[in-house]
Amino acid sequence: MKIYNTLTRQKETFIPLEENKIKMYVCGPTVYNFFHIGNARPFMIFDAFRNYMEYRGYEVTYVQNFTDVDDKIIKRANEEGISPIEVAEKYIAEYFKDADALGIKRATVHPRVTENIENIITFIEDLISKGFAYELNGDVYFNSQAYKEYGKLSKQNLEELNLGARIDVNDEKKHPIDFALWKAKKEGEIGWQSPWGEGRPGWHIECSVMSARYLGDTIDIHAGGQDLIFPHHENEIAQSEARSGKQFARYWMHNGYINVDNQKMSKSLGNFFTVRDILSEFSGQVIRFFLLSAHYRNPVNFSKELILQAKAGMERLANSKERLVFTISHAKGQMNESELELVSALENHRDRFIEAMDDDINTADAISIIFELARFSNTNVTENSSLEWAEKNLNLFNELTGVLNIIKAEDTASIDNEQIEKLIKDRVEAKKNKDFALADAIRDELKSMGIEIEDTRQGTKWKKIN
């Protein structure tokens with residue numbers, strides 16, 4: 001398997017630190033609001049990556065943090081008249097609602113910054129004792145000039161680096177690019193006692209500490225959005241490797257940006273969408289299918305037209321699955337000679353799916369192969385097929401879509417199956433009696449219930465429609 005490593009700017013053969021085990025850290029949300037479609041992409045992409053590696057037999061320890069203390073959380077707490085802790089609790093709960101809708105599994109561990117304050121203080125003390133950090137009026141800064149490899153991930157040197165987002169500009173710092181490890185408490189802010197006075201952690205130190213606590217000093221994979229390469233991931237490397245003297249992460253994976261209607265997403269342009277906004281119009285399955293239909297390193301353009309195209313594609317696959325399920329309900333017997341001759345061609349789809357996913361998690365090609373599998377089954381599984389052959393096709397379809405967690409069964413808890421079956425039976429009787437007006441009226445009644453029917457030689461098929 002090959003992974004594109006941002007650190008080396010090339011695809012590399014993935015070799016884990018420990019055979020058949022993977023230690024993976026993915027930067028999670030700052031919980032002050034619902035997460036937006038741009039946030040959703042890394043959460044979903046690396047969830048699919050974890051699923052695939054488990055499918056291939058790896059034991060994956062997957063850590064995704066919650067930043068539950070931050071300037072934005074404090075601001076939101078002041079706006080809502082509640083404590084920062086209450087804000088974080090509220091939006092962690094909302095994160096899980098949206099993540100569940102998108103088919104994102106829970107991480108092995110979801111650590112929170114506020115649960116790791118003591119570890120953070122100890123980590124900073126180690127950096128100070130090694131000469132990589134210094135205290136300044138209750139703040140503590142990382143000394144970027146003391147770490148000679150600073151800039152190796154973003155491929156910039158100290159003089160070229162921009163004082164980008166979340167880097168504190170302070171004329172008293174030793175170097176402009178030095179970043180805060182600990183921030184002295186300001187009036188009205190949350191804080192914890194430390195050797196440097198009451199305060200709270202800087203942004204970057206949090207992930208280094210939580211990664212070290214749950215995964216050790218060196219991990220296999222660190223992942224997140226492309227926007228995190230600098231300064232966040234650059235700073236994580238510097239402080240982690242300065243403290244331990246070891247390589248922090250062997251492979252760095254970053255997904256591309258999401259644009260909305262070919263423009264960068266921003267609140268000022270009015271094209272900023274939370275996942276919760278989009279879920280009011282489309283299902284989580286459709287959003288997941290849309291985002292996985294592009295290679296994770298490529299930019300994605302989000303528009304209503306494109307997501308409708310994804311929805312139509314997903315429905316084609318869902319229809320293929322329903323057709324197989326319906327065939328199985330009527331089929332009997334073992335594979336015949338002609339079906340046995342097709343087994344190799346069927347299973348070739350699995351080999352090609354694995355080949356695509358082994359090439360830097362190419363979910364776009366993997367989904368294309370699932371479409372080819374659906375076309376193969378549509379052609380080669382008929383009303384005369386054996387039960388064994390139909391089941392073999394369905395099992396492979398479920399296996400491959402299951403890896404990506406797409407094309408799941410719709411929730412039918414609210415559907416009265418007995419009522420539907422009775423209406424279908426009444427319609428069949430009406431047609432036998434040539435009462436076509438009644439048959440059409442029953443079809444219309446089913447449609448009003450969100451049920452679409454199809455007459456086949458094997459009987460009437462039905463499915464739930466949106």
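**Notebook: strands, a buried threonine and a helix**

I began with strand 6 (residues 139-142) and found that it pairs with strand 7 in the antiparallel sense over two bridges. Two strands count as paired if DSSP finds at least two bridges between them. Helices (H or I, at least four residues) and strands (E, at least two) are DSSP runs, numbered from the N terminus.

I noted the basis of the entries: this is a predicted model, in which local features need pLDDT of at least 70, side-chain atom pairs count only at pLDDT 80 or more, and totals for chains, interfaces and linings use all residues. Residues are numbered from 1 along each chain as its sequence is written, and side-chain values use heavy atoms, with hydrogens and water left out.

**Entry on strand 7**

I looked up which residue stands opposite Val140 in strand 7, and found Trp182. I then followed strand 7 to strand 8 (residues 199-201); three bridges join them, and they run antiparallel. Ala184 has Gly199 as its bridge partner in strand 8. Is strand 7 largely enclosed or open? Four of the five residues of strand 7 (residues 180-184) are buried, so the rest of the structure largely encloses it. Buried means under 20% relative accessible area, exposed over 50%, and partly exposed in between (1.4 Å probe, protein chains only).

**Entry on the sheet 12-11-13**

I recorded an open sheet of three strands in the order 12-11-13, with mixed pairing. Its edge strands are strand 12 (263-264) and strand 13 (300-302), each of which pairs on one side only. Strand 11 (residues 258-260) is joined to strand 12 by two bridges, and the two run antiparallel. Val260 has Gln263 in strand 12 as its bridge partner.

**Entry on Thr67**

I located Thr67 in the loop between strand 4 (59-64) and helix 2 (71-80). Thr67 counts as buried because its relative accessibility is 2%. Its side chain and that of Asn65 are joined by a polar contact of 3.3 Å. A polar contact is a pair of N or O atoms within 3.5 Å; within protein, one must be able to donate a hydrogen and the other to accept it, and residues adjacent in sequence count only if both atoms are side-chain atoms. Leaving aside residues up to four places away in sequence, Thr67 touches Pro29, Thr30, Val31, Ile73, Val113 and Glu206; contact means heavy atoms within 4.5 Å.

**Entry on helix 1**

I found helix 1 mostly covered, with 15 of its 19 residues buried. Gly57 follows helix 1 and has a positive phi, near 100 degrees.
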